[in-house]
Amino acid sequence: MRVKCVLCDRIDTIDDESLLAKRLRNRPIHTYMCQECHDRIAEKTKARLATGKFRIYRAKLPNDEW
Ligand SMILES: [Zn+2]
């Protein structure tokens, strides 16, 4: 079956019997993303997770007034 990538409009042909084809047929909500875009998104997600780490700051240790 022919599928169109939602992000770059590239037309790919995937095996009718593949899991992905079945999933797309059963649930049209599932949109197809080509490998390239998939990788790009994965990179972005990774990058976001990496930046997220910088936002974690150490809480100041409470000063004990003993
Ligand atoms: Zn794409």
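**Close-up views of a predicted model**

Cysteine 5 counts as buried, since its relative accessibility is 0%. That value, like every other one in these legends, was computed from a predicted model.

**View 1. Four cysteines hold the zinc ion.** The protein donors are the SG atoms of Cys5, Cys8, Cys34 and Cys37, lying 2.3 Å from the metal. The angles among the four donor atoms run from 107 to 114 degrees, and the site is tetrahedral. Because the cut-off asks for all angles between 85 and 135 degrees, that range of 107 to 114 degrees meets it. Along the chain, the donors follow the spacing C-x2-C-x25-C-x2-C.

**View 2. Aspartate 9 has a positive phi.** Move along to the loop between S1 and S2, and you will find aspartate 9 there. Its phi is near 65 degrees, a positive value in a residue other than glycine. Is aspartate 9 buried or partly exposed? With a relative accessible area of 47%, aspartate 9 is partly exposed, because the exposed class begins over 50%.

**View 3. Arg10, Asp12 and Glu36 form a network of salt bridges.** As a friendly reminder, side chains of opposite charge can pair when their charged atoms come close. Here arginine 10 and aspartate 12 meet through their side chains, at 3.3 Å from N to O. Arginine 10 also forms a salt bridge with glutamate 36, the closest N and O atoms being 3.4 Å apart. Glutamate 36 lies in helix H2 (residues 35–55), while arginine 10 lies in the loop between strand S1 (2–4) and strand S2 (11–13), so this pair ties together parts that are 26 residues apart in sequence.

**View 4. Glutamate 43 and lysine 46 meet in a salt bridge.** For this pair, the N to O distance is 3.2 Å. Why are the two residues about one helical turn apart? Glutamate 43 and lysine 46 both sit in helix H2, three residues apart, which means about one helical turn separates them. Glutamate 43 is partly exposed, with a relative accessible area of 48%, and lysine 46 counts as exposed at 52%. The cut-off for exposed is over 50%, so 48% leaves glutamate 43 partly exposed and 52% makes lysine 46 exposed. Over the model, the count comes to three salt bridges.

**View 5. The largest pocket draws on both helices H1 and H2 for its lining.** Rolling a probe the size of a water molecule over the atoms shows where empty space is left. The largest pocket has a volume of about 170 Å³. Eleven residues line this pocket, and the closest to its centre are Leu20, Thr31, Tyr32, Met33 and His38. Helix H1 (19–26) and H2 each supply at least two lining residues, and the largest share, three residues, comes from H1.

Definitions and conventions:
Residues are numbered from 1 along each chain as its sequence is written. This is a predicted model: local features need pLDDT of at least 70, side-chain atom pairs count only at pLDDT 80 or more; totals for chains, interfaces and linings use all residues. Side-chain values use heavy atoms; hydrogens and water are left out. Donors are N, O and S atoms within 2.8 Å of the metal (3.2 Å for Na, K and Ca); water is not among the atoms, so sites may look incomplete. Four donors count as tetrahedral if all angles lie between 85 and 135 degrees; four count as square planar and six as octahedral if opposite donors are over 155 degrees apart and all others between 65 and 115; anything else is irregular. Buried means under 20% relative accessible area, exposed over 50%, partly exposed in between (1.4 Å probe, protein chains only). A salt bridge is a side-chain nitrogen of Lys or Arg within 4 Å of a carboxyl oxygen of Asp or Glu. Helices (H or I, at least four residues) and strands (E, at least two) are DSSP runs, numbered from the N terminus. On a 1 Å grid over the protein atoms alone, a cavity is a set of points where a 1.4 Å probe fits but cannot get out, and a pocket is an open set with protein on both sides within 12 Å along at least five of seven lines; lining residues have an atom within 4 Å of a point. Grid points are joined across faces, edges and corners, and a volume is the space filled by probe spheres set on the points.
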